[in-house]
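Student: I have a model open and would like to talk it through with you. Could we go piece by piece?

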Amino acid sequence: MNGSRVVLALLVLFAATLLVLPLTFGLPGGTGPPEAVTESGDAINQVYWVVFGMAAVVFLIIEVTLIAFIFRFRRRPETPPNVEGPQIHGNTRAEIVWTVIPAVLLLILAIYTFSRVPEVEAKPGGGDMGNVVTIEVTGHQFYWQYRYPNDALSYDELVLPIDRKIRLVLNSEDVNHSWWVPELTGKRDAIPGQTNTLYFTPNTTGVFENGVCGEFCGIQHARMTMRVEVVSQEDFDAWLEENAPEAEDIALGESQWEAACAKCHGLDGGGDIGPAIAGNSILTNPEALDLLVRVRGQNLPGNPSYMPPVGKGWTDEQLATLIAYVKSNEQLAGPGGADGG
Amino acid sequence: MAVNAPPAPVAPRWQESGAAGWLATVDHKRIGLLYIVTAFGFFFAGGVMALLMRLQLMQAELDVVTKDNYNALFTLHGTSMIFLFVVPVLAGFANYLVPLMIGAKDMAFPRLNAMSYWFFLAGGLVLMSSFFADGGPAQAGWYAFPPLSVQLPGNGQDLWILGIHLTTLSSLAGAINFIVTIHNMRTAGMTWLRMPLFVWTIEAYAVLLLLTLPVVTAAVTLLLLDRRAGTSFFLPDEGGSAVLYQHMFWFFGHPEVYVMILPAFGMVSEVLPVFARKPIFGYKAIAFSTIGIAFAGMLVWAHHMFTVGLPVWLNAVFALTSFAVAIPTSIKIFNWLATLWRGHISFRVPMLFCLGLLGLFTIGGLSGIFLAAFPIDYQAHDSYYVVAHMHYVLFGGTAFGLFAGTYYWFPKMTGRMYDERLAQWHFWLIFIGFNMTFFVQHLLGLLGMPRRVYTYTREGAFENYNLVSTIGTWVMTLGLLFFLVNMIKSWRSGPRVGSDPWKADTLEWYATSPPPPHNFDSVPYVTSHRPLRDLRMRVERQR
């Protein structure tokens, strides 16, 4: 590379890249975590912005100094090759300054962060007595199962009342998962053998469709998505009543099929990463289905398409509901399987 | 007639040229080169995996690779970049440079050194063979959390475990070798505070490996027993604990980050003063901050586990220790900046990569503070924000440092100069491509893109960021091709150089380029941490 002009041009590029980058944080969606609809989510965002402010100052100090030094102290073409800079080996006062200032900044940041933790964790206080809605969340490969206070069930879709303290009791039946809806609050892992709790209070009604599983859980991790609908208290009560447990609820069975079966075997059972199962007699045989989905899954020697026990922990009613849906669907049940076949 | 003639001198096997000489070598320089070349081979393999992943994620709902192949790709990309590229390539540089820098003839245990290399190669081949395993490759991610890693069928995961065993054995033997060499084989006059800063970082590298590798070896051994021997250390259904593995893994996994970044920092501390024509600012501060980072780095592992439901007070403790790491790290950055102050900076490529590291690692360091503040981590954990952060540290930091070191010591290792023009192309393409690829990933993570998904459904800005990121990987690929061509071409036919083309400060430049098998005929008495400059000054004064 010859010519100091090219070098200068490239240094300008270097400077521009480093300084323009932060501006992209101003692009849509790039300004921190999405706006939250809970107090705990707001608290997280405020911690984010405080850290951002401090980081931005430090970032600018370092990058501007770096770029300024690069320009100011670049070797000029006329400098003789043997010339050295001044033999400065250090400065104790400077070392103390740039040790103590970051330490103090970090300490302030830590104190501020910890002061916001109660809001982030949002554990119910005395005033919340009777206001807490507890929902059991079970992570499965590759769907979320929700059990409401009246034992109503839903899959991959969570309905919540506004302005109530929500208490999610998280567990997993198979591998590690992580429940994450960015608009609501931070994520919390669902781990087998341990119960985690996540509290938050939604303050806006609406549908939040960006729920995902945060922790890699296997082949269809990317499809372990979910939506959360926040509704008014009346609508929530109505929803609970409508979805109160009833035997062989075909609509529930359909969502169970979509969550637990269709992600690998296709909506119509025609096969995807799992084999085609439409018309397979196991689907309507309670004993065989029990063994397959609740007990051991399917692991054929030499067959890479391993099936986890997707219905581990299901109740007998859940199994019956799924079979009822399959039987109601001629294509899935196959000849002789459907009711009145 | 020839009966009484002395026998012709026979070079020991390991000094021979040709394949046999390389295979049988116990010479630290040859072993170092074997390490470096092999590790770069795995780097390109891991890079191809990354390219395929980015193609798959270029737009929503693509089908470039299958779902299980995608999972295998990110698993083996992470595993090979960490276990087969960064750690061994640093072992390679340390092998080549530490004995030269401290004025020694070789490593303390040359045969153990050779064994380390062959175990590394074997481990790498075993890990890669996972791709062809019966029942599919390993696909549980580079940290292989159970129960998933126990549940996955096939032999790929077992090969992964065996590969980890072999590479950790290799690194463990290497670590002991480095420690013994540094403690016992320094030349006359080279006290601890006259050691090159790169050697300080290798001391920290080796001690961290020695303290943490046994834990990960134990963890993956228990994992293997869970998979194959019917035990249930990590299986909650049978009374085990899935979280126990995470503690064991991250007890190794986080210090591993410092294992990977500290020697790159050491390279910066060597290159920066030479191209600024100034002594390093705050030698002691940089040396001790290396030890400080290593020490604090042992105490932060659970910041990878903020969302697993540990008690909040414990999260707070690990947030504090993680914040603490930022203090010695910023000491390093400010001392490097001060080294530039009033220097005469020439922009040869080793220097450009160092300056790039300074600019980019700062971003990776600062995003680490966001993640250490655990409420923010509740949002950003396991999202693309973490992917971006980690690559700013490990690529913007480690890889930039490595490229700086590769160009800087290329003349020493080969006796030839690299091609400056091709190297400039390499730097600028990598610098631009890297930022395109990874900066947008911060934004994707904040928008809610989790790691390790083979596809996504969201459109708009979400999809556009992904597209920019994918284009960036191709810009980087182009840059890396310039690197590859440069290395091959210059090694074969680059212009010859003398022993000290950079007018450097440290003893490796006192040996010829490349150095003879025994390194030095004599080593000057060391009176400061810049023995070669001292020598140059003495010669000039005598003129």
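**A helix, then the chains**

Tutor: Let us begin with helix 3 (residues 67-101) of chain B, whose 35 residues should span 51 Å at 1.5 Å a residue, and the end C-alpha atoms are 48 Å apart, which agrees; the expected span is 1.5 Å times one less than the number of residues. Helices (H or I, at least four residues) and strands (E, at least two) are DSSP runs, numbered from the N terminus. Please keep in mind that this is a predicted model, in which local features need pLDDT of at least 70 and side-chain atom pairs count only at pLDDT 80 or more, while totals for chains, interfaces and linings use all residues. Residues are numbered from 1 along each chain as its sequence is written, and chains are lettered from A and ligands numbered from 1 in the order in which they are written.

Student: Where is the kink in helix 3 of chain B centred?

Tutor: The kink is centred on B:Ser80 and comes to about 35°, where the bend at a residue is the angle between axes fitted to the seven residues ending there and the seven starting there. Just after helix 3 of chain B, B:Gly103 takes a positive phi of about 75°.

Student: And how many residues of that helix 3 of chain B are buried?

Tutor: In helix 3 of chain B, 33 of the 35 residues are buried, so the helix is mostly covered; a residue is buried if 20 or more other C-beta atoms, placed from the backbone, lie within 10 Å of its own, exposed if 12 or fewer, and partly exposed in between.

Student: Why does B:Ile161 count as buried?

Tutor: B:Ile161 counts as buried because it has 24 C-beta neighbours inside 10 Å. This residue is found in helix 6 (residues 156-184) of chain B, and, leaving aside neighbours within four places in sequence, B:Ile161 is in contact with B:Val220, B:Leu223 and B:Leu224, contact being C-beta atoms, placed from the backbone, that lie within 7 Å.

Student: Zooming out, what is the secondary structure of chain B?

Tutor: Chain B comes to 16 helices and zero strands, and buried residues make up 63% of its 543 residues. Its radius of gyration is 24 Å, which agrees with the value near 24 Å for a compact globule with 543 residues; the radius is taken over C-alpha atoms, and the globule rule is 2.2 Å times the number of residues to the power 0.38.

Student: What about chain A, how many helices and strands?

Tutor: Chain A has eight helices and 10 strands. Its radius of gyration of 29 Å is well over the 20 Å that the globule rule gives for 341 residues, so chain A is more spread out than a compact globule. Buried residues make up 39% of the 341 residues in chain A, and its C-alpha trace spans about 95 × 55 × 35 Å along the principal axes.

Student: Last topic: how many residues of chain A are in contact with chain B?

Tutor: There are 86 residues of chain A in contact with 81 residues of chain B. Helix 3 of chain A gives the most to the side of chain A that touches chain B, with 15 residues. By class, that side of chain A has 50 nonpolar, 24 polar and 12 charged residues, with Ala, Val, Leu, Ile, Met, Phe, Trp, Tyr, Cys and Pro counted as nonpolar, Asp, Glu, Lys and Arg as charged, and the others, Gly among them, as polar.

Terms used:
Two residues are in contact if their C-beta atoms, placed from the backbone, lie within 7 Å.
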